[in-house]
Amino acid sequence: MKVLVTRPAAQAHEWVQALRGHGVQAQALPLIEIAPPANLAAVQEAWRSLPRYALAVFVSPNAVEQFFAARPDGALWPRDLRAASPGPGTDLVLDRVGLAPALRVQPAADAPQFDSESLWQVLRHHDWRGGEVLIVRSNSGREWLAQRLAEAGARVDFVSAYERRAPRLAEDGRALLREAIQKPRQHLWFFSSSESVDHLESLGSEVLAAPPDWSGAQALATHPRIASRARRLGMGSVTECAPRLDAVVRSIQSFAP
């Protein structure tokens, strides 16, 4: 059985290598394309404004990578500014760009999910009255977390550090997609975003020139909302698991014939 990793290209290839290291036949089929921000000047202005913030929230690994890629010459991360993330994948990238562990905030390692709700359980104990928070994201997202922070007294700003869009599949990607649709029991979809399921729905209809029958498809989803989206698409077998490598490998093994 071939596991199709649908994350954006950079993260998909990292996951493919990690899964292959555990004996999983994995292949990247990115269903989200990452593009630079439409307004680079806004990202650079956010860098210059960092000293006034009490917290910067990065919604994903791509948020970290794209925000730091847009850093203006001479701009430095403020020595006391904390950076929050919804889970270990984003926290790892914060570590790679040089943020010290004392500055990084994320949900507890045993949190049931790595998402805004779990991150809020950590942040809610802080006094946010009069504080300013920057949320670094793509075009949208994390409104729920922003609302909780605002209710606690914080002023919340957003900056779009990148854009997410449907991928333009090359012929090998289209062939892999067609094969996965036609041979569903030989493939397992690995989803980490509801948006990737949205894009799969449209791309599947495009490559077959008709809406596919997803009833035989198998999927692994790293959050209940993603699993719900896959079920609404019509996928016959959808399993939820934590987005940790060990948990993903165990779940994949449960699909093996």
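1. Leu4 stands opposite Gln27 in E2. Helices (H or I, at least four residues) and strands (E, at least two) are DSSP runs, numbered from the N terminus.

2. On provenance, this is a predicted model, in which local features need pLDDT of at least 70 and side-chain atom pairs count only at pLDDT 80 or more, while totals for chains, interfaces and linings use all residues. Residues are numbered from 1 along each chain as its sequence is written, and side-chain values use heavy atoms, with hydrogens and water left out.

3. E1 and E2 belong to an open sheet of five strands in the order E2-E1-E10-E11-E12, with parallel pairing. Strand E2 (26–28) and strand E12 (237–240) each have a single partner strand and stand at the edges, so one side of each is left without a neighbour in the sheet. On average, neighbouring strands of this sheet are turned by 25 degrees against each other, direction ignored. Helix H1 (residues 9–20) packs on the sheet and touches E1, E2 and E10; its direction makes about 170 degrees with that of E2. Axes are lines fitted to C-alpha atoms, for helices over the stretch in contact, and angles run from 0 to 180 degrees between N-to-C directions.

4. Another five strands form an open, parallel sheet in the order E6-E5-E4-E7-E8. Strand E6 (104–105) and strand E8 (155–160) are its edge strands, each pairing on one side only. Strand E7 (residues 132–137) runs parallel to E8, joined by six bridges; Phe158 in E8 is the bridge partner of Ile135. Helix H6 (residues 143–151) lies across strand E4 (55–58), E7 and E8, at about 155 degrees to E8.

5. Helix H8 (residues 194–208) has 15 residues and reaches 22 Å from its first C-alpha to its last, close to the 21 Å expected at 1.5 Å a residue, the expected span being 1.5 Å times one less than the number of residues. At its start, a side-chain oxygen of Ser193 reaches to within 3.1 Å of the backbone nitrogen of Glu195. Ala209, with a positive phi near 60 degrees, follows H8.

Definitions and conventions:
Polar contact = N/O pair within 3.5 Å; in protein donor to acceptor, adjacent residues only side chain to side chain. Pairing = 2+ DSSP bridges. Contact = heavy atoms within 4.5 Å.
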